[in-house]
Amino acid sequence: MARGDGEVGSPMAPGHTLPNGFLPVPQEAPPGENLEQQNGSKDGCLLLNGVSQDSPAAALGGPQTLLVPEEETQARLLPIDAGSETPGAEGAALLRTALSSRRFVVLLIFSLYSLVNAFQWIQYSIISNVFKNFYQVSLLHIDWLSMVYMLAYVPLIFPATWLLDIKGLRFTALLGSGLNCLGAWVKCGSLQRHLFWVTMLGQCLCSVAQVFILGLPSRIASVWFGPKEVSTACATAVLGNQLGTAVGFLLPPVLVPNTNGTSLASNISTMFYGTSVVATLLFILTAIVFKEKPQYPPSQAQAALWASPPEDYSYKKSIRNLFKNKAFVLLLISYGIMTGAFYSISTLLNQMILTDYPGEEVNAGRIGLTLVVAGMLGSILCGLWLDYTKAYKQTTLIVYILSFLGMVVFTFTLDLGRKMNIENNIIILFVTGGILGFFMTGYLPLGFEFAVEITYPESEGTSSGLLNASAQVFGIFFTLVQGKLTSDYTPREGNIFLCVWMFAGIILTALIKSDLRRHNINRGVTNADIKAVPMDSPVDQEPQIALSKQSNSSL
């Protein structure tokens, strides 16, 4: 019988039986897929602490490798029988972990179609004055082409995360990529001035696609990547969305300059059809490349979750657990404030720049590009730093504080160059925008990874989805209020409004208790059950230890 994609183990020789708490390890990787062994171990069985060559584990055959204490810690896993005790000195449960080379292709394809979705979000706002004149509508109508992304997310996040948990990663990826492609093609039918409702319909489809995209970075990172690269992988997945925003700031002012006549419709057509072709190609690649999960779990934390029976999982209980987690609720609000502020700035950037620098649509796009590209660098550096230090709360708090300071500097330099009559005065905004973007956009993957750590073993898609829902709610609120302040007064008043909220976010972040549950599982140190159970369940009172408790000397 062909082995399933996530099935672990290899056939045993007749007459050989395994003791309770052991799983067989295949002698070689399955054909057609390159696997990288974790912990530097050889093919075959691992010799765990207290298991000799004469023990029943030796019946598995193949060479055995004696693990040093640190490697031994990472090799421990749940016993096979749910009711059995975790083996100690007499034996330890065994499950192979390996890294699939396919993980990089999966990450690349996801990042690319996330890029296209983010591009379609911001392509109207960065040239809002052009689309206002073309469709002959108000600026608020154009702002809603951006805010519909935020509005659609809130009611759809719960069914979307439920589908992710029930139908799986591949189904969710295909749904997100497919809707993104469909929305792009619908926009191609809105190339006449009276068809604003058609372009809104296409944007609504893209906004629904976003619901099935934004929650995937942490899930892809956890399911496909090892513990030493999971934060970097999550940051890279978020990077695709950020890059799409950057391209959305850069290309529309170039492809659709502020002109009159038939050339304007032709330029918009070029942008819409080009986006549709790229989205279609990426949908096809998603169907070809995406798999539900790799052949073997990439980490002991994932191995423990794979070993948990599916019937033990309840979506409603998972949601309830998350809202009972005080640390997560604090992060939910603080993440929403920071990311909502970023959404508001991105939506209104064109209006802010043109207030003080009329006719600078192209430079407004370039400033947005600078903001996001600097943030992409910040995301990668933060991901690498987290993989190296695991200092989640400290890093999140420091980046939050620096984002607030960057926002203050950006606020009070927005019109500084014009007031002081500095030559090439708009250059000041490139510098301050880059500083703001480095920290503000760099914060996004930090929130995802911190949430996964403090809520493990709850679904990564659910925690990420709730974070994004919070960001959308704050984004709509901030965009409406900041837009009103900008139009009635000046951009400075709108930005000060954001600064006040970001300062409140710093306080909330400082109150978060850092409980790195996933990291502790990977280290082999745990005092909680790995199964997703309600917090008031009797299981909590007599927890089944997921991984072997080890003495300080063994660690």
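Before anything else, I noted the cut-offs for accessibility: buried means under 20% relative accessible area, exposed means over 50%, and partly exposed is in between. I also reminded myself that this is a predicted model.

Entry 1, a ring pair. I looked up W185 and found a relative accessibility of 38%, so W185 counts as partly exposed. Y273 also has a relative accessible area of 38%, so I filed Y273 as partly exposed. Next I turned to the aromatic pairs, and the count came to 21. W185 and Y273 form one of them, an edge-to-face pair with 6.2 Å centre to centre and 75° between the planes. I placed W185 in helix 5 (residues 169–187) and Y273 in helix 9 (residues 262–289), so the pair ties together parts that are 88 residues apart in sequence.

I checked how helix 7 (residues 216–224) packs with helix 8 (residues 230–255), and I got an angle of about 145° with the axes 8 Å apart. I noted the crossing of helix 7 and helix 8 as right-handed. On the helix 7 side I found P217, S218, A221 and S222, which meet V230, A233, C234, A237 and V238 in helix 8. Sorting this contact by class, I got seven nonpolar residues, two polar and no charged ones.

Technical notes
Residues are numbered from 1 along each chain as its sequence is written. This is a predicted model: local features need pLDDT of at least 70, side-chain atom pairs count only at pLDDT 80 or more; totals for chains, interfaces and linings use all residues. Side-chain values use heavy atoms; hydrogens and water are left out. Axes are lines fitted to C-alpha atoms, for helices over the stretch in contact, and angles run from 0 to 180 degrees between N-to-C directions. Helices (H or I, at least four residues) and strands (E, at least two) are DSSP runs, numbered from the N terminus. A crossing is left-handed if the near helix is turned anticlockwise from the far one by less than a right angle, and right-handed if clockwise. Contact means heavy atoms within 4.5 Å. Ala, Val, Leu, Ile, Met, Phe, Trp, Tyr, Cys and Pro count as nonpolar, Asp, Glu, Lys and Arg as charged, and the others, Gly among them, as polar. Rings of Phe, Tyr and Trp (its six-membered ring) pair if their centres lie within 6.5 Å; planes under 30 degrees apart count as stacked, over 60 as edge-to-face and the rest as tilted. Buried means under 20% relative accessible area, exposed over 50%, partly exposed in between (1.4 Å probe, protein chains only).
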